[in-house]
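Please look over the structure shown here before reading on. The paragraphs below go through it part by part.

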Amino acid sequence: MKDCLFCKISKREIPSEIVYQDEILTVFKDINPAAPIHLLIIPNKHIVSVQEMEPGDEKILGKLFSAAKKAAEESGISDSGYRLIINNGPDAHQEILHLHLHLMGGGKMKHPIG
Ligand code: 5GP
Ligand code: ZN
C-alpha cells in the first residue's frame, strides 16, 4: 500500500529501529513506548486488521506469534511476562491501519486491561 506508514517501515523507506526482519514480517521498536519494552510486529503484507484477513493469512498471523515469542526471549521478558495486543478498529483506538501486534513488557502492568 503506497501511503501506509508501516508498509514504508517494512520496506525501509522511512527509518525505524528494526530488531528483526524476514520475508514475512518485521519487528521494530514503537516510537512512543508505553512499556519499558514495546515492540511492534507486523506482516510485510498490507493487511489492515484481523477483520480484513484473507484466506491463507492465518499462516502469516501464526508467524507473528512465533516472532513475538522469540522477541520476548531476546528482550529478556519471556519469564517475567508480557502482553500481546492487537487493536482492531475505532473502539480499540487502532491508529495505524496495517495490522500490528504490540509486544509490551519489562514492568508490572495495570490490571484489568480495557
Ligand atoms: P495502534 O493504536 O494503531 O494499535 O498503535 C500504533 C502504534 O504505532 C502506536 O503505539 C504508535 O506509538 C506507533 N507508531 C506510530 N507511528 C510510528 C512510527 O512512525 N514509527 C514507529 N516505530 N512507531 C510508530
Ligand atoms: Zn501497510
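Which residues of the largest nonpolar core touch the most other members? In this predicted model, that core has 16 residues, and V27, I41, L64 and L103 are the ones with contacts to the most other members. At least two core residues come from each of β2 (25-29), β3, α2 and β5 (101-105). Helix α2 gives the largest share, with seven residues.

The next part is the metal site. The zinc ion (ligand 2) has four protein donors: SG of C4, SG of C7, ND1 of H46 and ND1 of H98. These atoms lie 2.0 to 2.3 Å from the zinc ion. Why is the arrangement of the four donor atoms tetrahedral? They subtend angles of 105 to 116° around the zinc ion, and a set of four donors counts as tetrahedral if all angles lie between 85 and 135 degrees. Along the sequence, the donor residues follow the spacing C-x2-C-x38-H-x51-H. C7 belongs to helix α1 (residues 5-10), while H46 belongs to the loop between β3 (37-43) and α2 (57-74), so this pair ties together parts that are 39 residues apart in sequence. The two residues can also be described by their accessibility. C7 has a relative accessible area of 3% and is buried, because buried means under 20%. H46, at 22%, is partly exposed.

Several contacts involve oxygen atoms of the ligand. An N or O atom in the side chain of D30 is 2.5 Å from an oxygen atom of ligand 1. For H102, a polar side-chain atom lies 2.8 Å from an oxygen atom of ligand 1. I96 takes part through its backbone, where an N or O atom is 3.0 Å from an oxygen atom of ligand 1. Taken alone, ligand 1 exposes 520 Å², and the protein buries 85% of that area.

H93 sits in the loop between β4 and β5 and is exposed, with a relative accessible area of 61%. R12 likewise is not a glycine and has a positive phi of about 60°. R12 is placed in the loop between α1 and β1, and its relative accessible area of 54% makes it exposed. Another backbone feature is the cis peptide bond from H111 to P112, with omega near 0°. P112 is in the segment after β5.

Two further loop residues remain. Is E23 buried or exposed? E23 counts as exposed, at 67% relative accessibility, and its place is the loop between β1 (18-21) and β2. From C-alpha to C-alpha, E23 and S10 are 9.9 Å apart in space, and they are 13 residues apart in sequence. S80 is found in the loop between α2 and β4 (82-85). With a relative accessible area of 60%, S80 is exposed. S80 and G105 are 25 residues apart in sequence, with 8.0 Å between their C-alpha atoms.

Definitions and conventions:
Residues are numbered from 1 along each chain as its sequence is written. Chains are lettered from A and ligands numbered from 1 in the order in which they are written. This is a predicted model: local features need pLDDT of at least 70, side-chain atom pairs count only at pLDDT 80 or more; totals for chains, interfaces and linings use all residues. Side-chain values use heavy atoms; hydrogens and water are left out. Donors are N, O and S atoms within 2.8 Å of the metal (3.2 Å for Na, K and Ca); water is not among the atoms, so sites may look incomplete. Four donors count as tetrahedral if all angles lie between 85 and 135 degrees; four count as square planar and six as octahedral if opposite donors are over 155 degrees apart and all others between 65 and 115; anything else is irregular. Helices (H or I, at least four residues) and strands (E, at least two) are DSSP runs, numbered from the N terminus. Buried means under 20% relative accessible area, exposed over 50%, partly exposed in between (1.4 Å probe, protein chains only). A polar contact is a pair of N or O atoms within 3.5 Å; within protein, one must be able to donate a hydrogen and the other to accept it, and residues adjacent in sequence count only if both atoms are side-chain atoms. Accessible areas come from the Shrake-Rupley method with a 1.4 Å probe; for residues, only the protein chains shown count as cover. A nonpolar core is a set of buried Ala, Val, Leu, Ile, Met, Phe, Trp, Tyr and Cys residues joined through side-chain atoms within 4.5 Å.
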